[in-house]
Amino acid sequence: MLSNIDSLMHGFGVALSGYHIMLMMGGVLLGILVGVLPGLGAPNGVTLLLPLTFGMDPVSAIILLTSLYWGALFGGSTTSILFNIPGEPSSVATTFDGYPLARQGRATEALTCAFVSAGFGALVGVVVITLLSTAVANFALRFGPPEYFAVYLLAFSSFIAFGGGAPLKTIISLCLGFGLGMVGIDTVSGSMRLTFDIDQLVSGISFLVVVIGLFGLGELLLTIEDGPEFKGASGRIDPREMLRAVARMPRYWLAMLRGSAVGIWMGITPGGPTAASFMSYGIARRVSKNRANFGKGEPEGVIAPETADHSAGTAAMLPMLSLGIPGSATSAVMLGGLMIWGLNPGPMLFIEQHDFVWGMIASMYLGNVIGVVLALATVPLFAAMLSVSFSIIGPIIVTVCMVGAYTVASSPFDLWIALVFGAVGYAMKKLDYPLAPLILAMVIGDKAEDAFRQSMLSSDGSLGIFWSNWLVGGITTLAILFLLWPLVTLLRRPAQTTDPDAVTHEP
Amino acid sequence: MTRYHLELVFAALVFLMGAIGVYGATLLDTGWGADGPQAGFFPFRVGLILMAASALVMAQAVVSRVSLRRIPITDHEGMKRVLGFGLPIIVMVALAQWTGLYVAMALYLLFTIRFRGKRPWHVALGVALGVSIATFLVFETWFQVPLLKGPLEIMLGLG
C-alpha cells in the first residue's frame with residue numbers, strides 16, 4: 001500500500017498543472033449546471049461532453065469528465081434543497097429533510113451540511129480507491145476469460161438482487177440492454193446480428209445516444225408533466241451561518257461514517273449512488289438518536305444520503321478502473337469513453353497507463369475540494385438561473401440533447417433513436433423499470449458474451465470451466481445465488497407477490 | 001390512461017422486441033457448436049427471456065388490475081403538457097433530416113418559446129438565434145466537431 005502513496009504523489013504531479021486545474025473548475029461548473037437543470041444529469045452530462053474529448057489527451061479528458069460528475073452530484077443537491085426538485089435521481093433522498101430545512105429559513109445550513117458531507121463521502125471513497133485499487137487490479141491480473149465472465153455475471157445478478165427494483169423489471173431492463181448491444185457486427189464470428197438489412201444498424205446502436213434519450217429527453221418529459229414551477233426557498237447564502245454549520249459538522253461524525261460505508265459498498269457493487277442514498281437515509285432514520293425529527297428538517301437527514309451518494313459515486317470508479325466493470329450508469333458511460341480513447345479498462349490499465357490511472361485518482365481529491373468550494377460559492381447564481389422560466393430553459397435543453405445525440409456518430413438517424421428512447425425512458429420511469437441496468441448491459445454485455453465464448457473455446461464447450469478452480473467457482477456460485485435471491489424472498493414473503501405496485505423506496 | 005394500461009402496453013412492446021430478437025436470431029446459427037455458442041445463441045435466448053418476463057409482467061398486472069387501475073399515469077393537463085412538449089421535438093427531428101440541425105433547432109426554439117411559452121417575439125427570436133450561433137461557434141469553430149448541415153449552410157458557404 002505504501003507504493004500506492006508514492007504513485008498517488010506521482011499522480012498529483014500529473015494532475016497539478018494549470019491546464020488540468022482549469023479543466024477541473026470548468027468541469028465542476030458545467031457539472032453543477034447539468035446537475036441543477038432538470039433533464040440533464042450526470043450520466044447524460046458526461047455523454048454530451050464525451051464527443052468533445054475525442055481529440056484530448058486521455059488524462060485531461062478523464063479529469064474533465066470526472067470533474068463534471070462531481071459537479072453534477074453537488075448541483076443535484078442544490079435543487080433538492082432549495083426547490084424540492086431533485087436535479088439528479090440520487091438526490092431524491094436529500095429532499096426529505098433538505099427542503100423542510102430550507103422552508104424554515106435554514107437553507108444555508110442545509111446546503112453547507114449537504115456539500116461538506118458530500119465532500120467527506122467523496123474523500124472517503126477516493127481514499128478507499130487509493131488504498132485498494134492496485135490490490136484489486138493485481139488480483140484481477142490473474143483473471144482469464146472464465147473469471148471475467150463470472151465477474152460480469154456477478155455484476156448483472158447483483159442488480160437483480162440488490163438494485164431495489166422489481167426483479168422481473170430489472171431482468172427486462174438488463175435483457176433490453178443486452179439485445180440493443182448485440183445489434184451490429186458480432187465480434188467473434190463477424191456476422192451481422194439483428195440488423196435486418198437496415199444500413200443504419202450495421203454499426204450498432206450507440207449506448208451514448210440511448211443515454212441521451214433515456215436520461216435526457218425522458219427526464220424532461222417527466223419534469224414538464226408536473227408543470228414545474230420553480231418556487232423555491234431563498235438561495236441567499238449567509239457566510240457566518242455557513243461557518244457555524246461547518247463547525248457543527250463534527251457532531252455528525254457517526255452519520256457521516258455510516259453513510260460513507262453504505263455508499264462505498266453500494267458503489268463497488270453495482271447498486272449505484274441512488275440506491276446508496278436511499279439506503280443510507282433509511283438506516284439513519286431507523287437508528288439515529290434524532291430520528292423523531294426526520295422528515296421535518298433534520299440536518300442528519302441531509303448528511304446521511306449526501307455522504308452515501310458521493311462515496312458511492314467515487315467508489316464506483318474502483319471496479320471501473322481495476323476490473324473494467326462500471327458501478328453506476330455514469331461510470332458505464334465513462335468506461336465507454338475509455339474504450340473510445342483507445343484505453344483498455346481493466347487491470348492492465350494500472351501497468352500500462354500509470355500516469356492516466358494515478359492522475360485520475362489524484363484529480364479526484366482535488367476535484368472534490370474544488371467542487372465543495374465552487375458549489376457553495378455559486379448557489380445564488382444557479383438558484384437565479386432556475387428563476388428563468390422553464391418554457392425557455394426546457395427547449396434549450398432539448399436542443400442540447402439533440403446536438404449531443406448527433407455528435408456521437410454524426411448520424412442523423414441517431415436523432416430518431418434518441419427520440420424513441422426519450423419516450424421509452426418516460427414509460428420506464430412511470431412504471432418503475434430501473435434504467436441503469438439497461439445501460440450497464442449495453443456497455444458490458446458484449447464483453448460478457450465475448451468472455452463466455454472465449455471460455456467455451458478453451459474448454460471445448462464445457463460449462464465446467466466456470467467451476468474449474470476455487471476463485472471462478474466461488475464467483476460463479478455467488479452470482480447464481482444472487483440471481484436466485486428474488487425467488488428466496490418470494491418464498492419467504494408470499495403475500496408480496498400480488499402487490500407489484502408496492503412502494504420500492506423509503507418515503 | 002391508468003398505470004394498468006401503460007403496464008400492459010409497455011410489456012406488449014417488450015414482448016414484441018423479444019419476438020423480433022428471436023426472429024433475427026433464427027436467421028443466424030442459434031446452436032451450440034464445437035467451439036461453444038454461435039452468433040445467434042445469445043440473441044435467441046435473450047429474446048426468449050424478454051418474451052417470458054414481459055408475459056409475466058402482464059400476468060402480474062392483470063392479477064393486480066384493481067389497484068393498478070386506480071393509479072393514473074397522468075391527468076389530462078399533464079398529458080397535454082407532455083404531448084405539447086414532445087410533438088414539436090418530433091417535428092424538429094424530422095425537419096433536421098433535410099434542413100440540418102442548426103435551422104431545425106432555431107425554428108424549434110422560435111416557435112416553442114413563442115407559442116408554447118407565450119413569450120414575445122423578440123425574446124423567442126433572440127434565444128433561437130443566440131443558441132444556434134453559440135452552438136455553431138462552440139462545435140464548428142472551437143471543438144471542430146461538424147454538425148448536420150442543410151441547404152442554408154451550403155448557400156451561405158458554411159457547409
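**Close-up views of salt bridges in a predicted model**

**View 1. A:Lys429 and its partner A:Glu219.** A:Lys429 has a relative accessible area of 30% and is therefore partly exposed (buried means under 20%, exposed over 50%, partly exposed in between, with a 1.4 Å probe and protein chains only). The side chain of A:Lys429 meets that of A:Glu219 in a salt bridge of 3.0 Å, N to O (a side-chain nitrogen of Lys or Arg within 4 Å of a carboxyl oxygen of Asp or Glu). Because A:Glu219 lies in helix 9 (residues 207-225) of chain A and A:Lys429 in helix 20 (residues 413-430) of chain A, the pair ties together parts that are 210 residues apart in sequence (helices are DSSP runs of H or I, at least four residues, numbered from the N terminus). The model is predicted, and side-chain atom pairs count only at pLDDT 80 or more, whereas local features need at least 70 and totals for chains, interfaces and linings use all residues. Residues are numbered from 1 along each chain, chains are lettered from A, and side-chain values use heavy atoms, without hydrogens and water.

**View 2. A salt bridge between A:Lys169 and B:Glu7.** The closest N and O atoms of this pair are 2.7 Å apart. A:Lys169 belongs to helix 8 (residues 167-182) of chain A and B:Glu7 to helix 1 of chain B, so the pair joins two chains. A:Lys169 counts as buried at 7% relative accessibility, and B:Glu7 counts as buried at 4%.

**View 3. A salt bridge between A:Arg258 and A:Glu300.** These side chains meet at 3.4 Å, N to O, linking helix 11 (residues 253-268) of chain A with helix 13 of chain A across 42 residues. A:Arg258 is partly exposed at 23% relative accessibility, whereas A:Glu300 is buried at 6%.
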